[in-house]
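Please examine the chain shown here with attention to its fold, its strand pairing and its nonpolar core.

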Amino acid sequence: PSVTFLAPESRQRAIDQELPAFFRTGKCQDVPYEYVTKSGQRINTLLSAVLEYAADNTPLRSIAVLQDVSGKHAAE
């Protein structure tokens with residue numbers, strides 16, 4: 001999976017920890033990521049997702065919810 005849209009810190013954590021855990025368990029909940037837009041703006045998010053498997057137990061598709069929490073972080 002491509003993770004080039006993530007900030008460097010989030011990208012490394014996704015590759016090293018979060019993606020392997022997601023494919024192992026088939027789910028994640030409220031995982032914080034920082035995305036970088038084309039204009040360079042950083043957006044803080046929480047990602048929750050579930051993975052659906054085919055009959056042969058290979059990953060088939062996933063559904064994800066991405067919550068923008070940038071405003072929350074700015075207020076803190």
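The report below moves from the overall fold to the sheet, then to the core and to one strand residue.

The coordinates are those of a predicted model, in which local features need pLDDT of at least 70 and side-chain atom pairs count only at pLDDT 80 or more, whereas totals for chains, interfaces and linings use all residues. Residues are numbered from 1 along each chain as its sequence is written, and side-chain values use heavy atoms, with hydrogens and water left out.

**Overall fold**

The protein chain contains two helices and three strands, arranged along the sequence in the pattern α-β-β-β-α; helices (H or I, at least four residues) and strands (E, at least two) are DSSP runs, numbered from the N terminus. Its C-alpha atoms fill a box of roughly 45 × 20 × 20 Å along the principal axes. Of the 76 residues, 25% count as buried, where buried means under 20% relative accessible area, exposed over 50%, and partly exposed in between (1.4 Å probe, protein chains only). The exposed surface comes to about 5,400 Å², of which carbon and sulfur atoms supply 55%; accessible areas come from the Shrake-Rupley method with a 1.4 Å probe, and for residues only the protein chains shown count as cover. Among contacts (heavy atoms within 4.5 Å) between residues at least 6 apart in sequence, 32% join residues at least 24 apart.

**Strand pairing**

Strands are treated as paired if DSSP finds at least two bridges between them. The two pairings are set out in the table.

| Strand pair | Bridges | Direction | Example partners |
|---|---|---|---|
| β1 and β2 | Eight | antiparallel | Y35 and I43 |
| β2 and β3 | Nine | antiparallel | S48 and V65 |

β1 and β2 form a hairpin with five residues between them, and G40 in that turn has a positive phi of about 95°. β2 and β3 likewise form a hairpin with five residues between them, here with N57 in the turn at a positive phi of about 70°. Strand β3 covers residues 59–68, and its residue D68 stands opposite T45.

**Nonpolar core**

A nonpolar core is a set of buried Ala, Val, Leu, Ile, Met, Phe, Trp, Tyr and Cys residues joined through side-chain atoms within 4.5 Å. The largest one here has 11 residues, namely V3, L6, A14, F22, C28, V31, Y33, Y35, L47, A49 and L51. When residues up to four places away in sequence are not counted, A14 touches V3, L6, L19, P20 and Y33.

**A residue of β2**

Leaving aside neighbours within four places in sequence, V50 is in contact with F22, G26, K27, R61, S62 and I63. V50 and G71, by comparison, are 21 residues apart in sequence and 26 Å apart in space, C-alpha to C-alpha.
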